[in-house]
Amino acid sequence: MRQGIFHARLILPGLLLAGVVLMLAACGQVEAPQMMEARGDQCVEPVDVMRRDHMKFLSIEKDQAVNFGIRNPDHSLRGCVDCHVSPTASREDPASHFCLNCHKFNAVRMDCFQCHADKPANGDYMHTLNPHGPAGGFDLAADGESLARDMETIIALESQEP
């Protein structure tokens, strides 16, 4: 009887160890999804930084835009989409969409495109860091004046007594 218990104590851990070893042996190198080449010559941040922290940049950008009316074109969702997403991309085919392709591969749910455009605004857009210049009709001076006017309005509203 004691011998049977002794064997059971060895067999169960042995079976568990064998199962773990087989499971780990089945785990091989996973091939990353094929990603579309960006249209710009340079990203606003190094690739490893963007892979790790893009959601932080977008979250901060959203908070600044919604709460204070401040828009930073370097880390805007529109800038990302205009440079990285093909005009022919489709939500129904995540492999054709830069953002959806990577988020699906990493099992990350994203809801940005429930409200925001998921395709470039126009085919001619180029990010301001692109040495070939910004898109036609994108006037940095007018944008700066608009931002200054909005900030003056916000400051005036905040200084009013309730």
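**Entry 1: the core.** I began with the largest nonpolar core, which has eight residues: Leu77, Val81, Val85, Ala89, Cys99, Leu100, Met110 and Phe113. Two or more of these residues come from each of α3 (77-84) and α4 (98-105). For my own record, a nonpolar core is a set of buried Ala, Val, Leu, Ile, Met, Phe, Trp, Tyr and Cys residues joined through side-chain atoms within 4.5 Å. Buried means under 20% relative accessible area, exposed means over 50%, and partly exposed lies in between, with a 1.4 Å probe and protein chains only. Helices are DSSP runs of H or I with at least four residues, strands are runs of E with at least two, and both are numbered from the N terminus.

**Entry 2: ground rules.** I am working with a predicted model, in which local features need pLDDT of at least 70 and side-chain atom pairs count only at pLDDT 80 or more, while totals for chains, interfaces and linings use all residues. Residues are numbered from 1 along each chain as its sequence is written, and side-chain values use heavy atoms, with hydrogens and water left out.

Entry 3: In α4, the buried residues are Cys99, Leu100, Asn101 and His103, and what covers them includes α2. After α4 comes alanine 107, with a positive phi near 55 degrees.

**Entry 4: cysteines.** I searched the whole structure for disulfides (a pair of cysteine sulfur atoms within 2.5 Å) and found zero. Cysteine 99 is in no disulfide, and its nearest cysteine sulfur, that of cysteine 80, is 7.0 Å away. Cysteine 112 is in no disulfide either; the nearest cysteine sulfur there belongs to cysteine 99, at 7.5 Å. Cysteine 99 is buried at 14% relative accessible area, whereas cysteine 112 counts as partly exposed at 26%.

**Entry 5: the kink in α2.** Where is the kink in helix α2 centred? It is centred on aspartate 53, and the kink in this helix (residues 47-68) is about 70 degrees. The bend at a residue is the angle between axes fitted to the seven residues ending there and the seven starting there. The buried residues of α2 are Val49, Met50, Asp53, Glu61 and Ala65. Glycine 69 follows α2 and has a positive phi, near 75 degrees.

**Entry 6: salt bridges.** A search of the whole structure gave me four salt bridges, each being a side-chain nitrogen of Lys or Arg within 4 Å of a carboxyl oxygen of Asp or Glu. Aspartate 53 pairs with arginine 52, with the closest N and O atoms 3.3 Å apart. Aspartate 53 also meets lysine 56 in a salt bridge of 3.3 Å, N to O. Together, Arg52, Asp53 and Lys56 are linked in a network of salt bridges.

Is aspartate 82 buried or exposed? Aspartate 82 is buried, with a relative accessible area of 2%, whereas arginine 78 is exposed at 51%.

**Entry 7: two loop residues.** Histidine 75 lies in the loop between α2 and α3 and counts as buried at 14% relative accessibility. Its side chain joins that of glutamate 45 through a polar contact of 3.0 Å. That term means a pair of N or O atoms within 3.5 Å; within protein, one must be able to donate a hydrogen and the other to accept it, and residues adjacent in sequence count only if both atoms are side-chain atoms. Leaving aside neighbours within four places in sequence, histidine 75 is in contact with Val44, Glu45, Phe57, Leu58 and Glu61.

Proline 87 is in the loop between α3 and α4 and is partly exposed at 45%. Proline 87 and proline 120 are 33 residues apart in sequence and 5.7 Å apart in space, C-alpha to C-alpha. Beyond neighbours within four places in sequence, proline 87 is in contact with Arg39, Lys119 and Pro120.

Definitions and conventions. Contact means heavy atoms within 4.5 Å.
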